[in-house]
Every structure is written in C-alpha cells, then in structure tokens.
2 protein chains.
Amino acid sequence: MNQPALKLHPDDTVAIALRDIDVGEVFDQTKLIEPIPRGHKFAVTAVKSGDKVTRYGQVIGQARLDIAPGAHVHSHNLGMADRLNAVIHQDTFRADPKFADRTFDGFHRSDGKVGTRNYIGVLTSVNCSGSVARFIAEAADKTNLLDAFPNVDGIVPIVHGTGCGMNSQGEAYDTLFRTLAGYAQNPNFGGILLIGLGCEVMQVADLVGGRPIRPDGTLRYMRIQNEGGTAATVTKGLKHVKEIAALANQCRRQPAPISALTIGMQCGGSDGYSGITANPALGVASDFLVSSGGTSILSETPEIYGAEHLLTSRAARPELADQLMDRISWWEDYTSRNGGEMDNNPSPGNKKGGLTTILEKSLGAVAKGGNAPLGGVYQFAEQIDTNGFVFMDSPGFDPCSVTGQIASGANLIVFTTGRGSVSGYQPVPCIKLATNTEMFMRLEGDMDLNCGDIISDGVSLNEKGAELMELLIATASGNKTKSEKLGYGGVEFVPWQLGATM
Amino acid sequence: MNQPALKLHPDDTVAIALRDIDVGEVFDQTKLIEPIPRGHKFAVTAVKSGDKVTRYGQVIGQARLDIAPGAHVHSHNLGMADRLNAVIHQDTFRADPKFADRTFDGFHRSDGKVGTRNYIGVLTSVNCSGSVARFIAEAADKTNLLDAFPNVDGIVPIVHGTGCGMNSQGEAYDTLFRTLAGYAQNPNFGGILLIGLGCEVMQVADLVGGRPIRPDGTLRYMRIQNEGGTAATVTKGLKHVKEIAALANQCRRQPAPISALTIGMQCGGSDGYSGITANPALGVASDFLVSSGGTSILSETPEIYGAEHLLTSRAARPELADQLMDRISWWEDYTSRNGGEMDNNPSPGNKKGGLTTILEKSLGAVAKGGNAPLGGVYQFAEQIDTNGFVFMDSPGFDPCSVTGQIASGANLIVFTTGRGSVSGYQPVPCIKLATNTEMFMRLEGDMDLNCGDIISDGVSLNEKGAELMELLIATASGNKTKSEKLGYGGVEFVPWQLGATM
Ligand SMILES: [Ca+2]
Ligand SMILES: [Ca+2]
Ligand SMILES: [Ca+2]
Ligand SMILES: [Ca+2]
Ligand SMILES: [Ca+2]
C-alpha cells in the first residue's frame, strides 16, 4: 500500500487516510497540518464555512467553519447538508454491455425463469412443522435417496420461527405469505414439498390456493395433523420427495442468457473499506450486469437512509421515486412506533472510524448499486417482474434481507463484508467479497473474492467489476462458493417478522 | 361416551354438549328445547335477563334476555360481564402434599438446581453463528465424540434468527439477553459452548461478562471472526466440547426432591375439550406439585386475557396482582402500537365451536394453573427465584412461550393439545397431553398421555392429575418423551422478537 490516502472522485474536497498520517506528510499537493487517523478525512482544498463538502463526488455535508487544506474534517467542522440540494451530479452509468453475449449454464424452468441450482425444497408454513421438514431431509440423506437423481443438488429444509401467534391478515401476514410463496417459486428449486402442522395461522391451503405455483407438478403438500403425526408424515414425505426429485432430475444445465441472472446485493459486517473497495466494485459489476440485460437488487433500506436522493434522482419513472419515498416514510413510522429512530447513525463506532454524517455513511452502502437507472421498487419478498437495477425494501439484517431477495427471485447473492460474515443461503449461492486484504487472508476459507487489492495493489474498480462478473457466471453455471462447500444455509432462512407476536 | 353433556361445576347455570343433542333429549332434569351442537352450551336452570351465567363455577357473561332451561346459550343471548365483579368464588386449592416425600433422579448442579437431562448446549449469540454451531454438533455426532461420556445425553445447538439488526439497548435487547443467558444457566445443560460471529449487536463478551454463569468451568466461548473463520472455529469448538463433556460426564443422576421440579405449562392447538379435560387435569397436577414443594409456570398472557381476575384474586401478595396487571397493560399497548388488539377473541372459529365470550375462552386456558396461590410474576425469560405457582409473561405462540419458560428455568414442559401439536424443546423434555381420545389414538406416536378418557371413560380429574404426576417423576428421572424419541428440538428455540428489525 504505497499511497497514504485516497481521493474517491476527482472533484472531491476531501481525501480518506488509508493509514494514520502524520503532520507534515504530503498527499498530492496537500501537506497535512493535523494528524489524521486511518479512515478519517482531510481537506485537499480550502473550504469556506457554508461550502458543501464532497466525497464520492457527492455532498456529505456542509462546512461549519473555514477549513484549511490538510486539516482534519469531522464532526467539529462538518455538519449535515440539506439532502434535497445534495445531488450535485449523477455519476456515469457504466453502460458497457460487454457481457451481453455471454451465457451461463442454468436450469430452465417452465415459467421461463432459470435456476443456478437444482434443489428440492422442504418448505414449512410454521415453526411447528420445521422438525418434520428436517426429519424428511435427514432420512433422505441417510437412505441416499437422491443418488438416483444426479441432476438434483440436494434437499433443503426451509425452516423458520413464525407462522402462528400472529394476526391472520395485515402487513405481518402478507409479508410472511409473500416470503413463503416466493421461496416456493424460486427457480433454484426444482421442486417443493410444503409441510404444515394443520392448526396454524399461515394455512397451507392458502399458500397453494388459487395461484399458479409450479403447475408442472413439482409442488406437493401435507399437513402433519391430517397425516396422523410425525412418523406417518415423514414416511409419506419421503415418497413425495422421490417423485418430485424424479421430475426435477429431468432438468439439466443448458446455456442461458445473462438476462436470466438476478443478483441480490448485500453488505454485512461493514468496515471503513466497504464503501471504497468491495461496494463500488460490486456497483461496477451491477452496471455491467444491467447493461447486459440482467437484474440487480439493492436492499437494506435503513442503510440507504440519508442517501435516498441518489436513488430517486436515478428513477426511470417519477412514480418509482414516489414509491421509494413511501417506503422511507413507512420505515420512519415503523421505527418510531417501535421506540427507535432511523437517523441514529452514524453510530459512535462509525464516528470513531471516520464517518461524520449519515449522508456519508449511506453513500458507501448505495455504492453497491452502481449507477444504472432505477427500474423498479418492490416490497420485501415481492416478485421482481422487470429486468434492470431495482430496489427491494428490507431491513439491513443480513439473513432477513437476503431471505427477502431470494423470495423476490434472486438466483445469486453477492455479499460484501469487512469484518468477515460467513453465512450462506440455500438454495441460492452467496459470493463473499472481502473489503480488505488482511481479512481475506485470515478468513480465506470463507471468502470468495478479495477486493482489498483495489487499495493494496491498485486494482481498478473496472477490472474488479469485470473479475466479479466472471465469478458470477462461473458460480451461476455450477461452481460452488466457499459457503456452499462448507455446508451453510440450514439456519439462515429468516422471514421479516412484523407486528406483535401473540 | 354415555353422557350427552357435562356440567363443569355443581353451581353452573349452563352445561356443555359432548355431542350434537336433539330437541327433547334430557340431561339431568333438563329437557332440551333447541338442538345443541357439540361443544355449545345450554341452560340447566332458568336464567333472567341481567343474571350472571356461570361455567367452571365462574362467570362467563351476563344474560341479555331471559333464557329458559334447555335453551341454547350463545352470542344471541349472552354478553360480556363486568370483569371486576366476575369472581364469585375461589375454587379450592387442592393442597395435597402426597408427592412431597417422592424423589426423582436428576443431575445436581453446582448452583443448587437439578437437571432432568444432561446435554451440552452450543449456544449462539446471533443467527450468523448458527450454522457453525450446527457444524460442531454434526461433527461431534459423526466422530462419536460423546461415546466416551456416557452420562452426557447429547449435543444441542441452540440456533435462532436474531441477535443483530436491532437496537443495542432497550426492551428487545434485554429480552433476548435474558433468553440467551437463561439458556446458558438451565440445569438441563451440563455445559455450554457459546459461539458468536464477532460484529453482532448481541456481544458474546456482554453475555458472559460480570455475572456468575457456570463458575464451574462448564461455559466456554468463541467468536468466528477472532478464530479465523468457519473451519478453525469448528476444529477448536470440538476441542472445547470434548473438555466440557468430560466435566459434564462427572455428573450422575442422584435422588432429588420434588421441590427441584419446575414445570412450564403450555397449551397449543386447543380445541373444545382443552378447557374440560387436559387443562384442568394439568391444573390438578400443578396443585399437587406446588403443595409438594415444586414450581409450576403459567404463561401465554394473550390467552389469560379476560380471566386475569382469577389470577389476581389468588395473588399471595398485593404487589403480585399489580405486577400482573402491569403486564396486561403492557400487552394492550404492545398490540395496539402494532396495529392489533387484545380482545379480538373469541375468533370466528372459537364461536363456531361454542365459545361465546373472551372470559369463557380464557377460563379454559387458566384452568392449567390449578388453584394454588400466585407466588410470583415474572418477565419473559426472567430467572424464577421462588417455588410455588408463578406466572411468566409470554405470547401464546408455543415455541416462543416455551423458549421463555426454559430460559426462566423450567426443567420439564407439560403441553396440552387438542388438534395435535407435535413439537419438542431441547434440552427440556416435553410431555404431550391429548385433550380427546380420538386425536390420541390417531397421533399416538406423538402423544404421551390421553386426557380424553376424562370424558370417554369418566376418569376423575384427581386420578388424571395423579397419573400425570407419576409421568412427570418418571420423565424427570430419564424416561424419554415421545418427542424426544422422535428427535424433536432442533428448530424450536424461538426467542420473542420485540421491536423493529433494522
Ligand atoms: Ca449492510
Ligand atoms: Ca409490481
Ligand atoms: Ca446487510
Ligand atoms: Ca394456548
Ligand atoms: Ca401456546
């Protein structure tokens, strides 16, 4: 790491220290007049009181005092700016369709979607059927039931902690319903066995009723109370699994266009490098994917809070900006009625790390979304019915947000992490991007790609974005991710629980 | 089943049809003047408009019209009564200490508590360490690690969907903290390995910090990010498990007094028989247990709503009545700020089954608690520090409520069910009581005791209560329940999620 600091955009008024910098050291033409801790900012030009201060080429706040070149820029001299006037330019959409002619080898489903894996899902309506789902999967494993079906990747119990003790209508019910119905339709499942208890609020009959879920016969269902208890349900369930697997086994990997890829973008365990390395590299890949016909999903609404103007200003149609702002308003209400608040960020830890304003913090998270036009705004777990760059509302909590993205139709997850998140999400492969080389080396058994070399070796964002695209295609075609090899995914299905548990 | 109907208390003004009854049939001296569907009520005496109507010897409402003997009593002629005036007498506490000299064979812990099982728990601070906890348990199973430790019952991963994406202070955090700390202290664990990721809100250091959790060295902890990722954590975790198991293996079953039993009482998948058979039979056993020195925990606050006067009138000290009413007020606020309500019961399905008022419905649930004085009121997952009959606040949702009871210190769970709930809750055995003989026959592989014979064979509540006490003692001493034999408990740890998921 040669350079002591990084200017993220040519027009920026601040640079970021990549290590602790002493007074008197020089970066570009700027001589430091205060010591700058790693991750913190200093002025690279004279800033007058009231001037907008920019990082990522975007306003992160307004100077409260005159700031000299080489001075530390933080809470003592930088305040919030008016968000509505904070967009000073739109970064360029890297509309490079260089991957448009590439294909991946996927499982073509009867509804036109393409899976990147071919699992049998044992889906549950309620916690009370979760153990039976796992008994069925374990019995199938023990009896090597799937050996006869080499095109099937495995059996995945989808188990959770809710489905009853809730109102049978309203937001909480609708959200769980969309999540379960969405998993039932995810193209990475070659077939679904749905198991309920019988007396729960989330009724199996409603989940399968009336809508065209898997009209090809690859969805079956049972209720434990109707079948005569645990043992009878497991026995009959194994029979169902065998029949579903025979159907799913007929599906083989065939070339599919890049437009059949839908990636869920995620960050978790972020650090000071997330907004500089892995997140913008993922943003470049998102631009490449979108301009090649594919779909990328940005989520984690609490983490874009403060930078939503950067998304609304990219809205392909005015009503999409309205829809996003509606979700922001909903979140303000949701947190306030639960005794919290949206703008308690940056946290003390964030500030210690050098982040000054919520604008600045959220800019790093939004960087994952590149610069493509915003083509859709979706509720949590809502089916995504357009290609391009879209936003799906969700909490920032990783397993919950990813659960929504998979329910919405994601067939790949790309997850940036600085501290080292190790989770995986069956039935969808999850590619882990390390934001820094040190963590990548330490957790190499869990990380799929190092983005720390953007700083440590000067790799360009464009190069890293293209490298990531190649990894996406290889993974979509069957190459296993680290978390798949380790066997992750058995406990990471986490529906968003809204409303009171009764 | 000879008798067509049942009068639950000698003074009752209504009887309950045990089958559909025709006009003209006679029960006691009452000739039916309307057809009565099974589970519904009819008057056994003349009731004047404005009179209190009683069932279970308790007021369930007030007549809105004059009601003739043999007439159907339901929503058309029965309304709510003023709850404060609804207590007409206190049923007798069956203070029969006939089990006071009995013992069970349990595992005596260094803090004075006694376990009914001797498991190693692999406890997780956050969803993100859940898979690693399971990998450790699976690897221990595959390598037969526990074969050298015959007094250890097995390894139980305690995995959940929360621990991050939440505020780091307040009600939601405190509730989860109590739950995890409570599991770490449950006497059915001979030792605990606690695993965190590292960057989560619910920090391992806080969970183990400062308090005397397992000062005997049977609690160890690790963080995945500190250990160098998944593989390194699993390897080191197995080493920890082996050392913990060696300590836990030194504990052997020794006679313990009945006073060391703490039962969590629960109902789930209730039906029209729950309040007549299994619940009051459990109430008798609770009275026997309490008068023999033991502890029984009633919970499920939404299901006692409307009948809380029957608990406050039994409060051993006035402040306990206040504490219970404080929890009721909290629930009214909790449901209202989440857009629901407490008194939307009985549901349409309840009404169809013959339940008219919320008083009547909740009376059936409260029957589980017998008639002992109320000796304590506790928050969800709060450590229970008194013997006797106590109340622990919780939702009615089975896995969540049982999770709170186990965290509070329950070493046995007794679960009544009419529809047939099949779940189990490691590390604590769960005894299933069937409310009706038909369901018991159909789900015999899942049910431990039939209480339907109270109606079908005229078994008395006293006899059934004593039979249940014998089953409690045998189970506490090591006899396996049906759900333990089936392998339940891997997914039923469900902490109560309060507050917004961020
Ligand atoms: Ca994030
Ligand atoms: Ca739509
Ligand atoms: Ca996240
Ligand atoms: Ca109940
Ligand atoms: Ca319950």
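1. Let's start with overall shape. Chain A has 502 residues, and a compact globule of that length would have a radius of gyration near 23 Å; chain A comes in at 24 Å, so the two agree. (The radius is taken over C-alpha atoms, and the globule rule is 2.2 Å times the number of residues to the power 0.38.) Along the principal axes, the C-alpha atoms of chain A fill a box of roughly 75 × 45 × 40 Å.

2. A word on ground rules. This is a predicted model, where local features need pLDDT of at least 70 and side-chain atom pairs count only at pLDDT 80 or more, while totals for chains, interfaces and linings use all residues. Residues are numbered from 1 along each chain as its sequence is written, chains are lettered from A and ligands numbered from 1 in the order in which they are written, and side-chain values use heavy atoms, with hydrogens and water left out.

3. Next, the make-up of chain A. You'll find 16 helices and 23 strands there; these are DSSP runs numbered from the N terminus, helices being H or I with at least four residues and strands E with at least two. Take the contacts between residues at least 6 apart in sequence: 71% of them join residues at least 24 apart. Contact here means heavy atoms within 4.5 Å.

4. What about the surface? In chain A, 62% of the 502 residues count as buried, meaning under 20% relative accessible area, with exposed being over 50% and partly exposed in between (1.4 Å probe, protein chains only). The accessible surface of chain A is about 17,300 Å², and carbon and sulfur atoms account for 49% of that. The areas come from the Shrake-Rupley method with a 1.4 Å probe, and for residues, only the protein chains shown count as cover.

5. Now the salt bridges. Over all chains, the whole structure has 38 of them, each being a side-chain nitrogen of Lys or Arg within 4 Å of a carboxyl oxygen of Asp or Glu. One to look up is A:Glu484 with A:Arg117, at 2.7 Å from N to O. A:Glu484 sits in helix 16 (residues 482-486) and A:Arg117 in the loop between strand 11 (114-115) and strand 12 (119-124), so this pair ties together parts of chain A that are 367 residues apart in sequence. A:Glu484 is buried at 16% relative accessibility, and A:Arg117 is buried at 2%.

6. B:Glu470 is partly exposed at 36%, and B:Arg102 is partly exposed at 30%.

7. Back in chain A, a network of salt bridges links A:Lys41, A:Arg55 and A:Glu360.

8. Finally, have a look at A:Ile192, in strand 14 (residues 189-196) of chain A. Is A:Ile192 buried or exposed? A:Ile192 is buried, with a relative accessible area of 1%. Leaving aside residues up to four places away in sequence, A:Ile192 touches several others, among them A:Leu123, A:Tyr183, A:Leu219 and A:Ile244. A:Arg214 is also one of the residues touched by A:Ile192; the two are 22 residues apart in sequence and 8.6 Å apart in space, C-alpha to C-alpha.
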